[in-house]
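Please read this note with the structure open beside you, and look up each residue as it comes up.

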Amino acid sequence: MNLMQIIMTMQETELFQKILCYARKKRYELLLISFMVFIFGNTFSEHVHVAAIFNIYQNMIVGFIVFYYNKRLRIFILVVITCTVFLDLCQRELGITDIKSWLGILYLLFFFIVATDVFKEVLYAKRVSRSLLSAALCGFVLLCLIGTFVFYQIQIKEPNAFSNTGTGYEVMNNLNYFSFTTLLTIGYGDILPLSLLARRAVMLIGLAGHFYTVFVTSIIIGKYLSANNKKLRLSYQHEDH
């Protein structure tokens, strides 16, 4: 029985349908929780690499479930999961640098595609709700993760593009930290972009993060004020009658 047959069999079960229905209603809350696990899940683990692999797979599986009714996203995420599993299983046959680079590209594509759906929710939501706030926070986290893997690709191609990134699996964690501190405009200065490409990438990601923060804040405030004005108008109309 192949993967598609397993999925088709699961579709027929009542429990699976209930899970899909719940996940669709709470998709941005579930995504946010999954992203938090992805970012902080290996903090206290002795086997950082193993925990990191588990975290990315749980994030992809959650994405597959919450976007199951979106055929385009479902197929894309399934392809990404399949390719990721294949690369992880073929590490001995392929060079370690090639594995890291291709996995980084897959993760970057996954986060970018999911981000497009999240940004649409933020833009087109009719009212301020928990779902909208979760989507807005997901959007910021996704920008940080996209920045992480953009920096990671640069570091692979140019090993001295960033300072103080460490070695081995420390590189990913340090660049993830650097991406978040950059987008949060903290900028401790312990990690620095050294090459021209790295500096341009940091400028681009920082600009995107600043624009996102201002843009999303204005959208949320606008929707909140619009909802309040509508309530006031209805209240006045009720009093007039």
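The numbered points below describe this chain for a reader who is new to such structures.

1. The model shown here is predicted, and every value in this note should be read with that in mind. The secondary structure of the chain amounts to nine helices and zero strands, and reading along the sequence gives the pattern α-α-α-α-α-α-α-α-α.

2. How many of the residues are buried? Of the 241 residues in the chain, 41% count as buried. The chain exposes about 14500 Å², and carbon and sulfur atoms supply 66% of that area. Where contacts join residues at least 6 apart in sequence, 69% of them link residues at least 24 apart.

3. An unreviewed UniProt entry lists residues 28-44, 76-95, 101-119, 131-154, 174-194 and 201-225 under "transmembrane region". Two of these spans can be compared with the model: residues 131-154 are 100% helix and 0% strand, with end C-alpha atoms 34 Å apart, while residues 201-225 are likewise 100% helix and 0% strand, with end C-alpha atoms 36 Å apart. The label itself comes from the UniProt entry, whereas the helix content of residues 201-225, for example, is computed from the model.

4. Helix α3 covers residues 27-40, and its 14 residues reach 20 Å from the first C-alpha to the last, which is close to the 20 Å expected at 1.5 Å a residue. Its buried residues are Y28, E29, L31, L32, S34, F35, F38 and I39. F40 also belongs to α3, but F40 counts as exposed because its relative accessibility is 53%, and the cut-off for exposed is over 50%. The C-alpha atom of F40 is separated by 9.5 Å from that of A52, which is twelve residues away along the chain.

5. How are helices α2 and α3 placed relative to each other? The axes of α2, residues 14-25, and α3 come within 4 Å and cross at roughly 85 degrees, and therefore α2 is roughly perpendicular to α3. The contact between these two helices is made by A23, R24 and K25 on the α2 side and by R27, E29 and L30 on the α3 side. Of these, E29 is also in the list of buried residues of α3.

6. Is N59 buried or exposed? This residue lies in helix α4, residues 48-66, and N59 counts as buried because its relative accessible area is 0%, where buried means under 20%. Leaving aside its neighbours within four places in sequence, N59 is in contact with S34, F35, F110 and F111.

7. The buried residues in α5 include L73, I77, L78 and V80, along with I81, T84, L87 and D88.

8. F112 has its place in helix α6, residues 96-124. With a relative accessibility of 48%, F112 counts as partly exposed, because this value falls between the 20% and 50% cut-offs. The C-alpha atoms of F112 and I146 are 6.8 Å apart, although the two residues are separated by 34 residues along the chain.

9. Which residues does Q155 touch? Q155 is found in helix α7, residues 130-157, and is buried, with a relative accessible area of 9%. Not counting residues up to four places away in sequence, Q155 touches N160, A161, F162, T165, V171 and L175.

10. N164 lies in the loop between α7 and α8, and N164 has a positive phi of about 60 degrees although it is not a glycine; at 58% relative accessibility, N164 counts as exposed. T185 is placed in the loop between α8 and α9, and T185 has a positive phi of about 55 degrees, again without being a glycine. T185 is exposed as well, with a relative accessible area of 64%.

Key
Residues numbered from 1 in each chain as written. Predicted model: local features only at pLDDT ≥ 70, side-chain atom pairs only at ≥ 80, totals over all residues. Heavy atoms only, no water. UniProt positions renumbered as here; feature names shortened; annotations may be inferred. Buried < 20%, exposed > 50% of the residue type's maximum accessible area, 1.4 Å probe, protein only. Contact = heavy atoms within 4.5 Å. Areas by Shrake-Rupley, 256 points an atom, 1.4 Å probe, with all protein chains shown as cover. Expected span 1.5 Å × (residues − 1). Axes fitted to C-alpha atoms, helices over the stretch in contact; angles between N-to-C directions. Parallel < 35°, antiparallel > 145°, perpendicular 65-115°, else oblique.
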